[in-house]
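Hello,

Here is the structure I promised to hand over. Please open it first, then read my notes below.

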Amino acid sequence: MTDATGLIDQAPIQDRDLLQRLSLYFDAVDLRLRHGEGWFIFNAMPGRSRRIASFIQARLSSHQPAVSYFLMPWRDFALSAYVTEVGLPELAPAVGDDRRVQREFDLAMRVTVDTWTQVASTDLLVLVGLQPSNRHEAQLLDRTIEQRHSHKLATILLTPTMPQQLEAEFSTVDGGEGYWGRIFGRMYETSLVAL
């Protein structure tokens, strides 16, 4: 069922409350996006995050005029982070004069640039399942949130963990860089928060 009202009615009580709050957000989505206001939603385990993501997609797909948005699972973000931060930089010196390798490298670069363009410039980025397990993921997320924050672009982050857990996960991959503090600070400044 993709009808937003139906999704609210079918949801468990805690999700119903959140979906009703999200509904108010989407009732004024043009204004919210103009101010770069998003959401930071904690404790969104897989079933809950699917309900929330379906609701967001239903609301955005029915909005007129259309809103540019990009809904991205964390798995895809993590893969993109690996390719961007680790894979391509390691492969670049090996490309050399081999035309086949050069074509494959160029294709990977185009896909990476296209993904980054969507992530960095769409009106609303919805990242579902945030759970960093590698430094390159935290690094790219930090850059993404910084870029979107500086351009007043709204971001919705859904994570299966609670704030203290997520902070601990960041601390294991952080390497002393302070990613969590910057990400949380920027999101808290511009977003509604739900547990």
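**Overall fold**

Along the sequence, the protein chain runs α-α-α-β-α-β-α-α-β-α-β-α-α-β. That makes 9 helices and 5 strands. Helices (H or I, at least four residues) and strands (E, at least two) are DSSP runs, numbered from the N terminus. The radius of gyration is 18 Å, close to the 16 Å that the globule rule gives for 195 residues, so the chain is as compact as a globular protein of that length. This radius is taken over C-alpha atoms, and the rule is 2.2 Å times the number of residues to the power 0.38. The C-alpha trace spans about 60 × 40 × 30 Å along its principal axes.

This is a predicted model: local features need pLDDT of at least 70, side-chain atom pairs count only at pLDDT 80 or more, and totals for chains, interfaces and linings use all residues. Residues are numbered from 1 along each chain as its sequence is written, and side-chain values use heavy atoms, with hydrogens and water left out.

**The cores**

Buried residues make up 45% of the 195 residues in the protein chain. Buried means under 20% relative accessible area, exposed over 50%, partly exposed in between (1.4 Å probe, protein chains only). A nonpolar core is a set of buried Ala, Val, Leu, Ile, Met, Phe, Trp, Tyr and Cys residues joined through side-chain atoms within 4.5 Å.

The largest nonpolar core has 26 residues. Leu22, Phe26, Ile41, Ile52, Leu124 and Ile156 have the most contacts inside it. At least two core residues come from each of helix 2 (13-27), helix 3 (29-34), strand 1 (38-41), helix 4 (46-61), strand 3 (124-128) and strand 4 (154-158). Helix 4 gives the most, with 6 residues. Leu22 touches Trp39, Ile41, Ile52 and Phe55, not counting residues up to four places away in sequence. Contact means heavy atoms within 4.5 Å.

There is also a second, separate core of 24 residues. Trp74, Val119, Ala138 and Leu157 are among them.

**Backbone details**

Between helix 4 and strand 2 (69-73) lies Pro65. A cis peptide bond joins Gln64 and Pro65, with omega about -5°.

Asn43 sits in the loop between strand 1 and helix 4. Its phi is positive, about 60°, although Asn43 is not a glycine. Asn43 is partly exposed, at 33% relative accessible area.

Lys152 lies in the loop between helix 7 (135-150) and strand 4. Lys152 also is not a glycine, yet has a positive phi of about 55°. Lys152 is exposed, with a relative accessible area of 52%.

Best wishes
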